[in-house]
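Reader: Hi! Could you walk me through this one with me? I'd like to go feature by feature.

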Amino acid sequence: HKAPGWENIPRGIALCPAGTFFNFSVNVCENCHEGTHGGENGCLPCEIGTFAPNKGMVKCVPCSMGFADTEGLSVCLACPENSAVPTGSPALSAAHCSCDRGTYLVNSTNRFNATGGINLDWVPVCKRCPPGATCDGGAILPYPRQGSWGNKDCREYGGDQECTEW
């Protein structure tokens, strides 16, 4: 039995709290599913770069331990080995992952597109720092520790030749 004045308002409209939707088949409000968030217009998939790990979320949260390259994720995807998403990164793809301290970037080719923006299809490959070198992470190449120099071909650490590129 409806109160007077409510007879022309469709069932479920504006009656469900945020983070839920009206399930017409059973006539109840239900929590939005993982990977979605709920507002005035029902449940919507999380945007790229965000995720919703729990049911009934009102807002999706940014990925801080990985990335979200598609809409509607309930978990963030892990960065490639020896890399992580830096604080403040949009976390839209693996391209936003950066080499950890103690590792260096091996494949910088095609990292940026023709307009200078990051190529979202690019995936970093980060290797552990070689002996005798220091690796600050990110895109910084390894450099010899004090007292460590390259061999005459600059192919290995431990010689008496100063090498400009490793």
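Reader: How much space lies in the largest cavity?

Author: About 30 Å³. A cavity here is a set of points on a 1 Å grid over the protein atoms alone where a 1.4 Å probe fits but cannot get out, and lining residues have an atom within 4 Å of a point. The volume is the space filled by probe spheres set on the points, with grid points joined across faces, edges and corners.

Reader: Thanks! And what should I know about the model itself?

Author: It is a predicted model, where local features need pLDDT of at least 70 and side-chain atom pairs count only at pLDDT 80 or more, while totals for chains, interfaces and linings use all residues. Residues are numbered from 1 along each chain as its sequence is written, and side-chain values use heavy atoms, with hydrogens and water left out.

Reader: Back to the cavity: which residues line the largest cavity?

Author: Cys 97, Ser 98, Cys 99, Leu 105, Arg 111, Trp 122, Pro 124, Gly 138 and Ala 139. Six of the lining residues are nonpolar, two polar and one charged (Ala, Val, Leu, Ile, Met, Phe, Trp, Tyr, Cys and Pro count as nonpolar, Asp, Glu, Lys and Arg as charged, and the others, Gly among them, as polar).

Reader: Nice. How many helices and strands does the protein chain have?

Author: Zero helices and 14 strands. Those are DSSP runs numbered from the N terminus, with helices (H or I) of at least four residues and strands (E) of at least two.

Reader: And what share of the protein chain counts as buried?

Author: Of its 166 residues, 33% are buried (buried is under 20% relative accessible area, exposed over 50%, partly exposed in between, with a 1.4 Å probe and protein chains only).

Reader: Switching to charges, how many salt bridges does the structure hold?

Author: There is one, between the side chains of Arg 101 and Asp 136, at 3.2 Å from N to O. The loop between β8 (98–99) and β9 (103–105) holds Arg 101, and the loop between β11 (133–134) and β12 (143–144) holds Asp 136, so the pair ties together parts that are 35 residues apart in sequence. The criterion is a side-chain nitrogen of Lys or Arg within 4 Å of a carboxyl oxygen of Asp or Glu.

Reader: Is Arg 101 buried or exposed?

Author: Arg 101 is exposed, at 66% relative accessibility, whereas Asp 136 is partly exposed at 28%.

Reader: Why does Ala 91 count as buried?

Author: Because its relative accessible area is 0%. Asn 27 is partly exposed, at 42%.

Reader: One more: what does Asn 82 touch?

Author: Leaving out residues up to four places away in sequence, Asn 82 touches Ser 98, Cys 99, Asp 100, Thr 103, Cys 126 and Arg 128, where contact means heavy atoms within 4.5 Å. Asn 82 sits in the loop between β6 (61–62) and β7 (83–84) and is buried at 15% relative accessibility.

Terms used. 1 Å grid on protein atoms, 1.4 Å probe; cavity = no way out; pocket = protein on both sides within 12 Å on 5 of 7 lines; lining within 4 Å.
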